[in-house]
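I opened my notebook to look up a few things in this structure.

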Amino acid sequence: MKELKKVLALGLAAVMVVPMAGCGSKEGGEDDSQVKEIMNYSDIVLGEDFTDLEAEISVFNNRTDMQQEDYTGKTWDDYIADFNQKYPNIKVNVETVTDYDSTALLRLQSGDWGDIMLIPAVDRAELSTYFMAIGDYDTLSQEVRFCDSQLYEGEVYGVASSGNAQGVVYNKAVFEQAGIAELPKTPEEFMADLQLIKDNTSAIPLYTNYAAGWTMGAWDAYINGTATGDAKYMNQKLLHTKNPFSDPGDGTHAYNVYKILYDAVANGLTEEDYSTTDWESSKNMLNQGEIGCMVLGSWAYAQIRDAGDQGDNVGYMPFPITVDGKQYATAGANYSWGINTDAGNTNKQASLIFVKWLTEESGYAYNEGNMPVALDDENWPDVYAAFDGVEYVSDEAAVEGEEDLLNDLNAESELNLNNSGNTKLQELIEHASLGDKSFDDIMNDWNEAWTLAQENCGVEITE
């Protein structure tokens with residue numbers, strides 16, 4: 001697992017692993033007095049099966065805000081209380097961390113992470129090393145969306161916590177004050193609107209969230225369906241494309257996604273000092289109209305809406321790229337819930353029940369302003385109103401035999417598209433701010449790194 005090994009090599013010595021209550025470290029069968037054979041996800045009837053099951057499970061995730069006293073949304077304690085109305089004997093412990101991407105990989109390798117976690121970036125071929133198979137794709141895909149996000153050889157190893165559309169979180173009052181009458185549909189229109197915000201308001205037009213690091217990776221999520229309209233692009237075509245970071249000349253593809261960020265920084269349309277940005281405080285700043293917009297998935301909408309008393313001013317709009325006269329939005333899974341393959345049967349069953357309850361009955365996806373995961377859930381948040389006429393594009397899975405090729409290319413090139421350890425966009429901001437490297441020079445460097453990675457991985461160029 002190249003990405004995991006890379007993170008471990010950089011950070012293992014500096015990280016102290018903290019044991020978790022209810023740790024799923026038992027080998028399957030040691031606590032099987034209650035569960036001899038695990039009932040799979042699709043067969044569980046919530047509120048009828050295993051209502052007397054006794055277990056203590058632990059959930060490791062990134063939602064630190066849901067444990068804060070001043071959080072105005074539904075907290076983990078609230079969800080667990082609801083869950084315990086149906087399953088009073090399943091105790092759920094929650095642990096959260098802010099730097100989830102890197103910490104989760106380290107904890108995964110140590111084996112000391114509990115029973116349920118949001119699956120970090122691991123090779124598909126190694127999913128079964130850490131996680132229990134939830135069910136087969138043919139069956140599970142009839143019940144939940146996005147189950148191909150953690151799919152390997154026909155088995156599904158994770159259930160999406162929610163679904164995301166990729167767009168832009170913005171403050172409607174700031175846009176109105178700036179004189180923006182219509183939402184932008186092209187990079188040129190977006191840059192003009194950012195200038196209007198700078199000229200006519202006191203708000204920061206575009207907030208980069210540079211310092212958090214992981215937030216910068218959000219930009220990668222727009223280079224596939226959003227910027228191409230092609231469901232095959234990310235996991236199939238990109239792998240075999242020559243120089244994918246070149247300018248196609250029509251305002252689309254990766255070049256024009258990243259150019260928005262570079263130009264905004266270079267033209268003084270972002271925060272004054274990128275090194276002092278702060279993710280947690282930025283949510284309230286956008287809520288209060290101190291920030292015009294941030295480029296983040298729809299998962300961020302509810303967090304920003306609930307971060308202050310001006311939630312009605314928070315909106316979500318499509319990313320400003322148009323492909324042949326039409327706008328698209330990549331839609332896919334947020335992190336997926338995975339269950340520890342080394343947990344005992346009782347904890348596995350209790351964990352699977354909790355995951356299914358989160359997916360189908362908790363209202364979590366709706367509360368977070370995200371797409372529902374259960375196929376029969378028609379409760380879509382109002383946040384997607386601005387996406388009327390926009391076509392959602394879900395990435396198709398890699399072809400057989402290439403399931404881990406994107407991970408390999410990421411590791412070889414160190415570009416880490418849609419992956420943790422993403423520093424390339426921080427470097428892009430640094431160069432844009434200093435003016436010491438043009439955008440085209442940066443894209444040429446990325447193309448060279450990608451080409452070398454393709455050669456080292458024996459990839460045939462077909463696009």
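**Notebook: helix packing and cysteines**

I began where Lys424, Leu425, Leu428 and His431 of α16 meet Phe439, Ile442, Met443 and Trp446 of α17. I sorted this contact by class: six residues are nonpolar, one is polar and one is charged. I note that the model is predicted.

Next I looked up the geometry of this pair. Helix α16 covers residues 424-434, and it packs against α17 at an angle of about 155°. Their axes lie 10 Å apart. Angles over 145 degrees count as roughly antiparallel, so I wrote down α16 and α17 as roughly antiparallel to each other. Their crossing is right-handed.

Then I turned to another partner of α17. Helix α15 spans residues 405-413, and helix α17 spans residues 439-456. I read an angle of about 125° between α15 and α17, with the axes 8 Å apart. That makes α15 oblique to α17. I logged the crossing of α15 and α17 as right-handed.

Which residues make the contact of α15 with α17? From α15 I listed Leu406, Leu409, Asn410, Glu412 and Ser413. From α17 I listed Ala449, Trp450, Ala453, Gln454 and Asn456. By class, I have five nonpolar, four polar and one charged residues in the contact of α15 with α17.

Last, I checked the cysteines. How many disulfides are there? The count is zero, with a disulfide taken as two cysteine sulfur atoms within 2.5 Å. Is Cys147 buried or exposed? Cys147 has 4% relative accessibility, so I marked it as buried. Cys457 is at 25% relative accessibility, so I marked Cys457 as partly exposed.

Methods:
Residues are numbered from 1 along each chain as its sequence is written. This is a predicted model: local features need pLDDT of at least 70, side-chain atom pairs count only at pLDDT 80 or more; totals for chains, interfaces and linings use all residues. Side-chain values use heavy atoms; hydrogens and water are left out. Axes are lines fitted to C-alpha atoms, for helices over the stretch in contact, and angles run from 0 to 180 degrees between N-to-C directions. Helices (H or I, at least four residues) and strands (E, at least two) are DSSP runs, numbered from the N terminus. Angles under 35 degrees count as roughly parallel, over 145 as roughly antiparallel, 65 to 115 as roughly perpendicular and the rest as oblique. A crossing is left-handed if the near helix is turned anticlockwise from the far one by less than a right angle, and right-handed if clockwise. Contact means heavy atoms within 4.5 Å. Ala, Val, Leu, Ile, Met, Phe, Trp, Tyr, Cys and Pro count as nonpolar, Asp, Glu, Lys and Arg as charged, and the others, Gly among them, as polar. Buried means under 20% relative accessible area, exposed over 50%, partly exposed in between (1.4 Å probe, protein chains only).
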